[in-house]
Amino acid sequence: TTWPNTDCFSEVAYSQSTGQKEQLSRCLQRGIRRVQDLCKVLQLPTVFEETAVSYFQRALQHPSFHLVSLEKKELLGGCCVFVTCRQHNWPLTMGTICSLLYAKQELFASVYLSLQKELGLSVPALSLGDLVKTHLNSFRLFQHAADVPAPFVEDKEKMVARTMQIVELASETWLVTGRHPVPIVTAAAFLSWQSLQPAARLTCTFTRFCKLAGVDLPPPAHLRLKELLEIFLRMASQLAWLRVFNMDKKTVVKHIGDLLQHRIFLLKNAFCLEDEEEHRAVALGEGSPRSPPAAGGTAQEEGCPSEGKRQREGGARPLLPPCLINPRKRLRTAAPSTSDSAITGNEPISDSEIEQYLRGPEEIRAFRKAKAW
Amino acid sequence: SEFKDDLSASPQLFTPMSPYDVDLPIQTTEDVLFGSQFNQPKELPTDFSVDLSFLPDITQDNKEQNLSEDGDEMQKELDGSISRNEDSSIFMDESSLSYPDATQPSPEASGVCPPLTPMTPMTPVTPASESSGIVPQLQNIVSTVNLACKLDLKNIALHARNAEYNPKRFAAVIMRIREPRTTALIFSSGKMVCTGAKSEEQSRLAARKYARVVQKLGFPAKFLDFKIQNMVGSCDVRFPIRLEGLVLTHQQFSSYEPELFPGLIYRMVKPRIVLLIFVSGKVVLTGAKERSEIYEAFENIYPILKGFKKAS
C-alpha cells in the first residue's frame, strides 16, 4: 500500500497501513498514554519513555497483571516508569511517583514488587549521590528572593558538595542502611547549609530552614539530624584542637568543615571498628560472664573489649547501626522450655479444659439479650 | 458425655488442599505479606546436593493420597508408620532430603499404600553443626485442618466464650485458646486455620483442642488432613549487615528498598525460603513447610552474611 501522495511509492510498515495499531486494546492504549504523560511531566529523556512503555506492554500481557483492577493497572504504569528511571540511575523516589499518581504507597509497593518478580527485572539500588543532586535542585536557597534573608542564600555547588560528604559520612556510620533516604538528605542539607555560614545561620531552626527552602520536612529527618550531630560530636572529641572546647550540638556545627576534611582519621579514632578477629575472639571468650550493659548488648562486647580504656577517655563507642546502640525493649518471650519441646501433639485433652471455653446457659441468655441476635 | 478422641489417631497426611495453597498472612514481627513463587532456579553454590530443582508441591506422598477418596481409610493404614515419624522433631519429610538417587516406594505399582519407611537423614540431627552455632528459633506455625462438617458460625460464636465473629468484616469465627497460645480461623465449610504455635506438635495439639471445642458444641467434627502450611523462624547473627552491599552481590535473589521496608528480602531457591535480613543482624525466615528448611536456609545464608561482613 502507499500513501495518498503518489509522487513517491514509499514503503510503509505493515503495522501502519493495516491499522494494526488500532487493534491494541483501549486499556493498553490508555495505559501507554499515561506512561508517556508521566515521562513528560518528569521531563525524562525519550529513551526512558520507550523502555517504560515496553515494560508496561510486557507486564500487561503477563497473566498476573492481565486481570488486575484498573487502579492497579494505573499504578503499573507508574512502576514501569520508576523501574526505568532506576535502571538508568535517574534518582526518582517512590514518594514522588506515588504523589504524582495519587497512589497509596502500600498498593504501589505491592504492584512494584510483583512487577519486579514477574518480569525478572533487576533494579539497581537508589544512588544516594544522585538523589542529593536532584533533591537539592528543589531547594529555593540558591537565589535571592524577597522572603529569604541575604545571609541565607548559598552557593549551590558548595552546598551540593558538602551535603554529599555528609551523606557519605552517614552511610559509613550506619545511619543510612534500612532508612528512608530522603530524610537523611534533608538533614544533611540543613547541616551543610548551616556549617557554610554558621554565624548567620546557627539560630535558624530545621523547620524554618525547610520552609524557606520550600521543601517538605519529613518526620524522620529530625532523628537523622540528631544522629548526625552525635556522630560529629564524637569525631570532634578526637580533634586535638577541639578537645579544649566543650562541644555541644550547636557549637559543633561551626567545625563541620574541618571534621569532614579529616573524617577518615577521625572515624577511625572516634569509633572502634568491630571487624578485627582478635577482638571477636576475646569477646567470645569472656562473653558469658560479662552481662551486657543497657545499650549495645553483645555487639558491644564483640566490638570493643580492648577499647574499653579509650571508651572511658574519649567517649569512643562501637561503630554500629543506631538500632544496636539503642535497642528497644525486647518483647520476645524466652526460648521454649524443655516441657514445651516434649509435646507430641497427641496428648489427651481433658473435658474440663475444653469446657472452660464454653458458655453456660445463663451466660448464653445474657449474651443473646446483649447482642440482640 | 465423652467424645471419643479419634483426633489423636489421625496421622499427618501430605495432601495439598487447594483453598490453602494460597499464601496465608504470615505473622512476622514486621507484619509483611509476600508470595512464595520464585524465579527459575539459579545456580547456588552448595556443598550438599547436586539437585538444584524446585520441590514440586505434589510429592510422591501426595500421589498416594490422591488414589483414595476417603481420607479415613488411608489414615488407619498409614497410622502405624507415620505416628513414629511425627515424633522426630527436626527432619520429618523424607522426600525432601537431598539425595537424588533415593528410590521412593511407588504406590501405584502395588495398589496398596505401603508404610513409609523412615530414611536415615543425611544431615546431622542437630542443625548447628560446625558452621554457625546459631539455631533459629521457631516463632510461628500456620496449619490447616478439615473438620469435615458444615458449621453454623453464629451458633459457635454464641456458645463459645473464646470466639469472635463479625461477618461483615470477615467470614470466619476467630477463636483463641490459652494453651498452646494460638488463634484459629474457623470457616462455615468446616475448614480451619490454626496460627501462633511455636512448634509443629503444639500446632497440632492446639488444632485438636479447637476441634474438640467445636465437637462439644454439637458438631460432628473430624480431624482430617492436618497439614503444616507455613513455619516462621528468627535468629540473630550478632553483627551489623551492609544491606546495600548484599543487594549488589546477590542481586538475583535480593530486594532491598529502604523506601518500602527496612529489611532486605532474600528469596532463597534451595530450600525455597524467604529471608528478611535487617541491618541489626536479625534474620527472619519464612515459607517453610518443615523446620529442616529453616535450619538449612540459615546455614546457607550465614556464610554469605559473614563473608560479607569481612569484606565491607
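The domain assignment of chain B, whose bounds come from an automatic or database assignment, gives domain 1 (143-228) and domain 2 (237-311). The C-alpha centres of domain 1 and domain 2 of chain B lie 34 Å apart. This is a predicted model, in which local features need pLDDT of at least 70, side-chain atom pairs count only at pLDDT 80 or more, and totals for chains, interfaces and linings use all residues. Residues are numbered from 1 along each chain as its sequence is written, chains are lettered from A and ligands numbered from 1 in the order in which they are written, and side-chain values use heavy atoms, with hydrogens and water left out.

**Chain B overall**

- Chain B contains 7 helices and 10 strands; helices (H or I, at least four residues) and strands (E, at least two) are DSSP runs, numbered from the N terminus.
- Of its 312 residues, 55% count as buried, where buried means under 20% relative accessible area, exposed over 50%, and partly exposed in between (1.4 Å probe, protein chains only).
- Among contacts (heavy atoms within 4.5 Å) in chain B with a separation of 6 or more, 68% are between residues 24 or more positions apart.
- Chain B exposes about 14,000 Å², of which carbon and sulfur atoms supply 53%; accessible areas come from the Shrake-Rupley method with a 1.4 Å probe, and for residues only the protein chains shown count as cover.

**Strand S1 of chain B**

- Strand S1 (residues 137-146) of chain B is largely enclosed by the rest of the structure, because 9 of its 10 residues are buried.
- S1(B) pairs in the antiparallel sense with strand S6 (residues 224-236) of chain B over 8 bridges; two strands pair if DSSP finds at least two bridges between them.
- Within that pairing, B:Val232 in S6(B) stands opposite B:Asn140.
- S1(B) also pairs in the antiparallel sense with strand S5 (residues 191-197) of chain B, over 6 bridges, and there B:Lys191 is the bridge partner of B:Asn146.

**Helix H9 of chain A**

- The 17 residues of helix H9 (residues 156-172) of chain A should span 24 Å at 1.5 Å a residue, and the end C-alpha atoms are 24 Å apart, which agrees; the expected span is 1.5 Å times one less than the number of residues.
- Buried residues of H9(A) include A:Met159, A:Arg162, A:Ile166 and A:Leu169.
- The cover over the buried residues of H9(A) includes helix H8 (128-137), helix H10 (181-196) and helix H13 (220-236) of chain A.
- Just after H9(A), A:Trp174 takes a positive phi of about 65°.

**Salt bridges**

- There are 20 salt bridges over all chains, each a side-chain nitrogen of Lys or Arg within 4 Å of a carboxyl oxygen of Asp or Glu.
- A:Arg224 and A:Glu227 form a salt bridge (3.0 Å, N to O), and both residues are buried.
- Because they are 3 residues apart in helix H13 of chain A, A:Arg224 and A:Glu227 are separated by about one helical turn.
- A:Asp147 and A:Arg140 meet in a salt bridge (3.2 Å, N to O); A:Asp147 is partly exposed at a relative accessible area of 45%, and A:Arg140 is partly exposed at 37%.
- In the salt bridge between A:Glu363 and A:Arg359, the closest N and O atoms are 3.5 Å apart; A:Glu363 is partly exposed at 27% relative accessibility, whereas A:Arg359 is buried at 15%.
- A network of salt bridges links A:Asp351, A:Glu355, B:Arg212 and B:Lys216.
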